[in-house]
Amino acid sequence: MKRRTILSSLVVFAVISALAVAGCDKQKNKQTTSQDAPLAAVNGMRSLQDFSSIKDDRERALAIYQEIDAVLSHPRCANCHPAGDTPYQGNIPKPHQPLVVRGEDNFGAPGMRCGTCHGEANFENVPGKPSWHLAPREMAWEGKTPGEICAQIKDPERNGGKTLAQLTEHMQHDALVSYGWEPPEHLEPVPGSQALFGQLFQAWVDAGAPCPPAEKTR
Amino acid sequence: MSITLKINGKEHTVDASPDTPLLWVLRDHLGLTGTKFGCGVAQCGACTVHVDGNTRRACVAPISGLEGKEIVTIEGVEGPEADAVREAWKEIDVPQCGYCQAGQIMSAIKLLEKKRDPSDEDIDLGMSGNICRCGTYMRIRKAIKQAAGDLG
């Protein structure tokens with residue numbers, strides 16, 4: 001009788017424990033998918049919490065910008081922000097093969113458009129997203145320091161006329177930006193995730209969007 | 001899975017996996033063998049077709065993204081630019097082995113639609129993705145210029 005009581009107690013305890021663990025998992029999932037909750041560090045990108053020990057707002061924002069710069073200067077993004085008229089390709093950037101140029105509208109030359117090869121989604125080794133094209137000449141990042149790129153992306157004259165809020169939205173949700181995290185298998189993705197990147201970008205904007213000195217190199 | 005594609009103005013329902021490249025459907029399912037397989041990785045231009053008015057490499061265009069689009073191949077291409085290119089190609093006797101020429105012609109037509117009087121540089125940039133192992137580039141350039149002249 002006593003043994004049966006102990007067994008019953010164990011079963012009840014196990015059921016309660018299982019329900020509690022399931023509840024915790026549910027809560028954890030909810031938090032990690034929330035737009036507002038701090039997301040965990042992932043794929044080489046630090047989380048907001050990793051910067052919480054930096055008490056000065058500006059210093060913290062400048063530290064966060066290093067994570068942002070690691071994305072912007074990554075070949076997945078920078079290859080199509082060239083200083084000239086020809087994009088680069090590959091993990092070690094080389095001029096695009098076959099030869100392509102930006103053309104009048106940044107979508108390629110007549111007869112040889114970006115969309116001639118790049119479709120709306122990756123196909124085998126060929127990268128793809130809707131509206132595949134080069135960044136306009138005024139958005140060139142090639143050869144620039146983090147501070148120069150930072151000043152550039154904030155400047156409506158050189159960022160497509162965007163406010164900081166619109167720029168944040170662009171970084172968080174733009175389909176072509178999302179390509180950075182979703183290249184074909186043979187190409188290295190940019191660090192982190194678009195959600196975490198968007199969260200860091202928002203935090204940087206909220207802190208006044210400070211830029212590192214233009215002369216400071218990576 | 002069956003997918004309906006509009007090719008050269010006519011609807012074709014084919015039974016193929018959605019990730020099948022258009023080139024395979026053209027050649028193997030529909031017998032439209034004018035469009036050639038060259039490299040299979042969008043590096044040579046032999047498989048160039050037109051999709052919604054732009055050049056597209058059929059070897060890297062999965063049919064899942066082509067439903068409802070206007071696909072034109074070398075067998076069905078028409079219009080003043082196509083006529084002018086065809087005549088110039090014959091007159092100048094552009095092809096040598098001919099394998100790449102369907103792709104060359106499809107790109108040349110789109111170049112002329114957008115650039116009525118292309119310079120040498122326009123031709124080089126517009127045709128840079130179409131490779132000819134026989135090296136007929138000079139005749140291709142000459143033919144495009146002649147076609148441009150004929151178009152006026």
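Mentor: Ser131(A) counts as exposed because it has 12 C-beta neighbours inside 10 Å (12 or fewer is exposed, 20 or more buried, in between partly exposed, with C-beta atoms placed from the backbone). Bear in mind that this is a predicted model, where local features need pLDDT of at least 70 and side-chain atom pairs 80 or more, while totals for chains, interfaces and linings use all residues. Residues are numbered from 1 along each chain as its sequence is written, chains are lettered from A and ligands numbered from 1 in the order in which they are written.

Most residues other than glycine have a negative phi, and most peptide bonds are trans. You'll find Ser131(A) in the loop between strand S4 (112-113) and helix H4 (146-154) of chain A; these are DSSP runs, numbered from the N terminus, with helices (H or I) of at least four residues and strands (E) of at least two.

Chain B has a case too: Asp52(B), not a glycine either, has a positive phi of about 50 degrees. Asp52(B) sits in the loop between strand S3 (48-51) and S4 of chain B, and is exposed because 12 C-beta neighbours lie inside 10 Å.

Back in chain A, look at the peptide bond from Gln97(A) to Pro98(A): it's cis, with omega near 5 degrees. Pro98(A) is in the loop between strand S2 (94-95) and strand S3 (108-109) of chain A.
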